[in-house]
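This briefing covers helix packing, salt bridges and surface features. Please keep the sequence and the structure in view while reading.

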Amino acid sequence: MEIATVIDLARSALWAVLLISAPLLVVALGIGLLIGVIQAATSVNEATLSFIPKLVALGLTLALFGSWQLTMMVDYTRDIYKRIPAMFS
């Protein structure tokens with residue numbers, strides 16, 4: 001297996017991870033920032049106040065983007081399996 005193949009596999013793996021995790025990370029960051037601002041404005045520093053809205057928002061995001069994320073993972077896995085014969089020839 002050539003070094004260019006390994007680099008290409010690593011690049012495509014990192015890109016797939018970035019695309020699949022981005023919706024959940026962006027929503028968690030946005031909700032966390034919003035709740036943090038609200039807690040700072042009201043001086044209420046309760047950890048559970050930020051946990052429950054994040055959990056609900058991530059559940060809704062997963063329901064919205066879950067099928068797309070699963071399709072991306074399946075496509076990536078199929079691509080890796082298609083590359084196996086070329087890696088060892």
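The model is predicted, so local features need pLDDT of at least 70 and side-chain atom pairs count only at pLDDT 80 or more, while totals for chains, interfaces and linings use all residues. Residues are numbered from 1 along each chain as its sequence is written, and side-chain values use heavy atoms, with hydrogens and water left out. Helices α1 and α2 are roughly antiparallel, and a salt-bridge network joins Asp8, Arg11, Asp79 and Arg83.

**Helix packing**

- Two packed helices are described by the angle between their axes and the distance between the axes.
- The axes of α1 and α2 come within 10 Å and cross at roughly 175°. Axes here are lines fitted to C-alpha atoms, for helices over the stretch in contact, with angles from 0 to 180 degrees between N-to-C directions.
- That angle makes α1 roughly antiparallel to α2 (under 35 degrees counts as roughly parallel, over 145 as roughly antiparallel, 65 to 115 as roughly perpendicular and the rest as oblique).
- The contact of α1 with α2 has 23 nonpolar, seven polar and three charged residues. In these classes Ala, Val, Leu, Ile, Met, Phe, Trp, Tyr, Cys and Pro are nonpolar, Asp, Glu, Lys and Arg are charged, and the others, Gly among them, are polar.
- Helices are DSSP runs (H or I, at least four residues), numbered from the N terminus; α1 covers 3-42 and α2 covers 47-87.

**Salt bridges**

- The count comes to three salt bridges (a side-chain nitrogen of Lys or Arg within 4 Å of a carboxyl oxygen of Asp or Glu).
- Aspartate 8 pairs with arginine 11, the closest N and O atoms being 2.8 Å apart. Both residues lie in helix α1, three residues apart, about one turn of the helix.
- Aspartate 8 also forms a salt bridge with arginine 83 (3.0 Å, N to O). This pair links distant parts of the chain, with aspartate 8 in helix α1 and arginine 83 in helix α2, 75 residues apart.
- Aspartate 79 forms a salt bridge with arginine 83 at 3.4 Å between the closest N and O atoms. The two are four residues apart in helix α2, which means a separation of about one helical turn.
- Through shared partners, the salt bridges join Asp8, Arg11, Asp79 and Arg83 into one network.
- Aspartate 8 is partly exposed at 26% relative accessibility, as are arginine 83 at 21% and aspartate 79 at 29%. Buried means under 20% relative accessible area, exposed over 50%, and partly exposed in between (1.4 Å probe, protein chains only).

**Nonpolar surface patch**

- Met1, Ile3, Val6, Ile7, Tyr81, Ile84 and Phe88 make a nonpolar surface patch of about 800 Å². Patch residues have over 30% relative accessible area and no salt bridge, with like charges joined within 9 Å and nonpolar side chains (Val, Leu, Ile, Met, Phe, Trp, Tyr) within 5 Å.
- Helices α1 and α2 are the elements that give two or more residues to the patch, and α1 gives the most, with three.
- Methionine 1 sits in the segment before α1 and is exposed, with a relative accessible area of 56%.

**Positions along the helices**

- Isoleucine 52 lies in helix α2 and is partly exposed at 47%.
- Glycine 36 is in helix α1 and is partly exposed at 32%. Glycine 36 and arginine 11 are 25 residues apart in sequence and 35 Å apart in space, C-alpha to C-alpha.

Note on methods. Accessible areas come from the Shrake-Rupley method with a 1.4 Å probe; for residues, only the protein chains shown count as cover.
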